[in-house]
Amino acid sequence: MDGNRRYAKKQNLKEGVGHNVGFSALMSLLQYCYELGVQYVTVYAFSIDNFKRRPEEVESLMDLMQEKIDKLIEEESIVDRYGIRICFIGNLKLLKDSVREAAERAMRATAKNSKSVLSVCIAYTSTDEITHAVQESCREKLDAIEQADSHNQEEGNNLLINLVDIEKKMYMVAAPDPDIIIRTSGETRLSNFLLWQSACSHLYSPSALWPDLGFWHLVWAVLNFQRDHWFFEKIKKQI
């Protein structure tokens, strides 16, 4: 969701207003997605690198996130209307306590929803996700080694770390790999987002800033994906 600050500057608005408009754009796009039958949506809300911004800006963003998270689970909200389960993805320990608690409340409140899934990447980078998955896989295998019979060769072979072990420990294990990644503001880099999962994803980079993103941008992304779908399926079979 790139371009909120630039949108505010372009429209001569206060800095924080851009993020509010960006949230409204998100709500509209979520509705379009679910009306089109998209079951899984993942948004990049806050990178670990964003903690390097000015302290007062980070604090303002944390307060805004807490407010918007609470709004998501209000009765008659889009989450309630479409039966959306919310997952907050990332190193949640880095968040201030009130934001982390709000995220945990939202996940508990929507845990039984099953029509669709909204994954919100917050305090997230892909490199942190991969590092976390490898560390957890190593920790799990070390525990197994301590319990295994060192003379049992067959058991020893099962203690090797493989791809499935790592993928089970990824933050994004709750969602399939994305078919489409939309990166706004005309940028074509992924900025440390879903690097592990995006090998066969269709990348769409409209010049629009995030608050300007609308229905026809989404339709164009879907049409382009459908046009190239056969190619991506062919690539997947080769991996």
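This is a predicted model: local features need pLDDT of at least 70, side-chain atom pairs count only at pLDDT 80 or more; totals for chains, interfaces and linings use all residues.
Let's start with contacts along the chain.

Now the layout. The chain holds nine helices and five strands. In sequence order the pattern runs α-α-β-α-α-β-α-β-α-α-α-β-β-α. The C-alpha trace spans about 70 × 45 × 35 Å along its principal axes. There are 239 residues in the chain, and 42% of them are buried.

For one distance across the model, take arginine 139 and histidine 202. They are 63 residues apart along the chain, and their C-alpha atoms are separated by 34 Å. Arginine 139 sits in helix H6, residues 126-147. Its relative accessibility is 44%, so arginine 139 counts as partly exposed.

On to charge. We have 29 positive and 34 negative side chains. The centres of the two sets lie 6 Å apart. Side chains of opposite charge can pair when their charged atoms come close. How many salt bridges does the count come to? The count is 17.

Let me walk through some of them. Glutamate 57 pairs with arginine 5, and the closest N and O atoms are 3.3 Å apart. Glutamate 57 belongs to helix H3, residues 55-72, and arginine 5 to helix H1, residues 4-10, so this pair ties together parts that are 52 residues apart in sequence. What about exposure? Glutamate 57 has 5% relative accessibility, so this residue counts as buried. Arginine 5 has a relative accessible area of 38%, which means partly exposed.

Glutamate 57 has another partner. Its side chain also meets arginine 53 in a salt bridge, at 3.2 Å from N to O. Arginine 53 is partly exposed, because its relative accessible area is 25%. Step back and there is a network here. Salt bridges with shared partners join Arg5, Arg53, Arg54, Glu56 and Glu57.

One further pair. Aspartate 49 and lysine 52 form a salt bridge at 3.8 Å, N to O. Is lysine 52 buried or exposed? At 71% relative accessibility, lysine 52 counts as exposed. Aspartate 49 is partly exposed, at 38%.

Next, the backbone. Most residues other than glycine have a negative phi. Two residues to look at here are serine 191 and leucine 194. Phi of serine 191 is near 50 degrees, a positive value. Phi of leucine 194 is also positive, near 50 degrees. Where is serine 191? This serine is in the loop between strand S4, residues 180-182, and strand S5, residues 202-204. Leucine 194 lies in the loop between S4 and S5 too. Now compare their surroundings. Serine 191 is partly exposed, with 30% relative accessibility. Leucine 194 is buried, with a relative accessible area of 2%.

Stay with strand S4 for a moment. Isoleucine 182 is located there. What does isoleucine 182 touch, leaving out residues up to four places away in sequence? The list is Tyr204, Pro206, Leu213, Leu218 and Ala221. Take leucine 218 from that list. Isoleucine 182 and leucine 218 are 36 residues apart in sequence, and their C-alpha atoms are 8.6 Å apart in space. Even with these contacts, isoleucine 182 is partly exposed, at 31% relative accessible area.

Last topic, the surface. Which residues form a nonpolar patch on the surface? They are Leu36, Val38, Phe215 and Trp216. Together they have about 410 Å² of accessible area. Look at valine 38 in that patch. Its place is the loop between helix H2, residues 15-35, and strand S1, residues 40-47. Valine 38 has 30% relative accessibility, so this residue counts as partly exposed.

To recap, briefly. Arg5, Arg53, Arg54, Glu56 and Glu57 share one salt-bridge network. The loop between S4 and S5 carries leucine 194, whose phi is positive. And Leu36, Val38, Phe215 and Trp216 make up a nonpolar surface patch.

Methods. Residues are numbered from 1 along each chain as its sequence is written. Side-chain values use heavy atoms; hydrogens and water are left out. Patches are made of residues with over 30% relative accessible area and no salt bridge: like charges are joined within 9 Å, nonpolar side chains (Val, Leu, Ile, Met, Phe, Trp, Tyr) within 5 Å. Accessible areas come from the Shrake-Rupley method with a 1.4 Å probe; for residues, only the protein chains shown count as cover. A salt bridge is a side-chain nitrogen of Lys or Arg within 4 Å of a carboxyl oxygen of Asp or Glu. Helices (H or I, at least four residues) and strands (E, at least two) are DSSP runs, numbered from the N terminus. Buried means under 20% relative accessible area, exposed over 50%, partly exposed in between (1.4 Å probe, protein chains only). Lys and Arg count as positive and Asp and Glu as negative; His and the chain ends are not counted. The place of a charge is taken as NZ of Lys, CZ of Arg, CG of Asp or CD of Glu. Contact means heavy atoms within 4.5 Å.
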